[in-house]
Amino acid sequence: MRKRFAIAVTAAAFLGWQVSATPEGPAEFISTVEWQSNESWFGGFSGLEISEDGAGFVAISDRGQIVTGQLSRQNGKIDQITLAESHPVRGLKGQTQYNYKGDTEGLAIREDGRLFVSYEGNHRVWAYMSVGAKAAGLPRHPDFRKMNNNGSLEALAVDAQNRLYTFPEDVSILSERIPVYRYTRGVWEQPFDLPKQGSYKIVGADIGPDGKLYLLERNFTGWGFRSRVRRFDLSDTGLGPSETLLQSTTGFHDNLEGLSVWQDSEGHLRLTMISDDNFKFFQRTEFVEYRLTDQI
């Protein structure tokens, strides 16, 4: 999502808005590293998956580009980001997708390597056998067609039973509940929902090695972005109470949209996130990492 923020974020940038207060919550802030490239497609990253060892990554942009790369760390902190491959996210016939048809937002990778991508401009989820492959279509839930063109399927996650979960970013201001959609055995269902909590909107999701659901949420304040990560116990019939793991102040991070949860060599869970720079010169693409002190 880009358009609605442009004017206000521009004003904030020229005013030099920056807040440095430490984020709240039990998650320990580890590092922020800016990622830069001169490639014409670079920017707008909205989905992220980190490999089990924390060294590899796959990311997608909201202009239909999928990339792979490597992260190196010194003393547990990311110190180098290396691009490996870059491909357009392709359509059902292998064609490059443009404009709203290529507005790719959510990314989830199954244990067997199959990728799933959610689209916001044309509300759907497609599957890919590998990075750069042509798409295989999935059926749509009837609700998808009624969603906001700039606020639909931003977040996507897959569980150990290979079930997909997706969430709309925008819901009616009259609704106090956010629907959760689950895809299993070829059918989308809406088995449960979750309550809204404040003015945050869901922009990223993952199911961690602990089997719990992690949601990355964003709030645009008019001056900049605030980020929040919440965790839920996940069962076949619903979600447990939410636990807020981190909540940043305005401007501490850029526009975080992609989230991946993995376990490091010391047994700690890590939350790795990537920001969407909206293709604006005054924003930045950054990898952000937090660590949880609890172990699986």
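Predicted model: local features only at pLDDT ≥ 70, side-chain atom pairs only at ≥ 80, totals over all residues.
The protein has 1 helix and 20 strands. Its 296 residues would give a radius of gyration near 19 Å if they formed a compact globule, and the value for the protein is 18 Å, so the two agree. Along the principal axes, the C-alpha atoms fill a box of roughly 45 × 45 × 40 Å. Of the 296 residues, 53% count as buried. The accessible surface comes to about 13,100 Å², and carbon and sulfur atoms account for 48% of that surface.

Aromatic side chains come next. Two values describe a pair of aromatic rings: the distance of the centres and the angle of the planes. The structure holds 15 aromatic pairs. In one of them, the ring centres of F144 and Y181 are 5.4 Å apart with the planes at 80°; an angle over 60 degrees counts as edge-to-face, so this pair is classed that way. The two residues come from distant parts of the chain, 37 residues apart. F144 sits in the loop between β9 (135–137) and β10 (153–158), whereas Y181 belongs to strand β12 (residues 177–184). Are these two residues buried or exposed? Both F144 and Y181 are buried.

F144 also forms an aromatic pair with W188. Here the centres are 5.4 Å apart and the planes make an angle of 70°, again an edge-to-face arrangement. W188 is in strand β13 (residues 187–195) and F144 is in the loop between β9 and β10, so this pair ties together parts of the chain that are 44 residues apart in sequence. F144 has a relative accessible area of 0% and is therefore buried. W188 has 8% relative accessibility, which is under the 20% limit, so W188 counts as buried as well.

Another set of aromatic residues, W35, W41, F42, F45, F57 and F287, forms one cluster. Aromatic rings also meet a charged side chain in this model, at R124. R124 lies over the face of Y119, at 3.8 Å from the ring centre. R124 lies over the face of W126 too, with a distance of 4.0 Å from that ring centre.

The remaining residues are in loops. S235 is in the loop between β16 (225–232) and β17 (243–247). Its relative accessibility is 33%, which falls between the limits of 20% and 50%, so S235 counts as partly exposed. Leaving aside residues up to four places away in sequence, S235 touches R182 and F192. The C-alpha atoms of S235 and L213 are separated by 9.8 Å, and these residues are 22 residues apart along the chain.

R185 has a positive phi, near 55°, and is found in the loop between β12 and β13. With 85% relative accessibility, R185 is over the 50% limit and therefore counts as exposed. Phi of N278 is likewise positive, near 55°. N278 is in the loop between β19 (268–275) and β20 (286–295). Its relative accessible area is 3%, so N278 is buried.

Methods: Residues numbered from 1 in each chain as written. Heavy atoms only, no water. Phe/Tyr/Trp six-rings, centres within 6.5 Å; stacked < 30°, edge-to-face > 60°. Helix = DSSP H or I, 4+ residues; strand = E, 2+ residues; numbered from the N terminus. Buried < 20%, exposed > 50% of the residue type's maximum accessible area, 1.4 Å probe, protein only. Lys NZ or Arg CZ within 6 Å of the ring centre and 35° of its normal. Contact = heavy atoms within 4.5 Å. Rg over C-alpha atoms; globule rule 2.2 N^0.38 Å. Areas by Shrake-Rupley, 256 points an atom, 1.4 Å probe, with all protein chains shown as cover.
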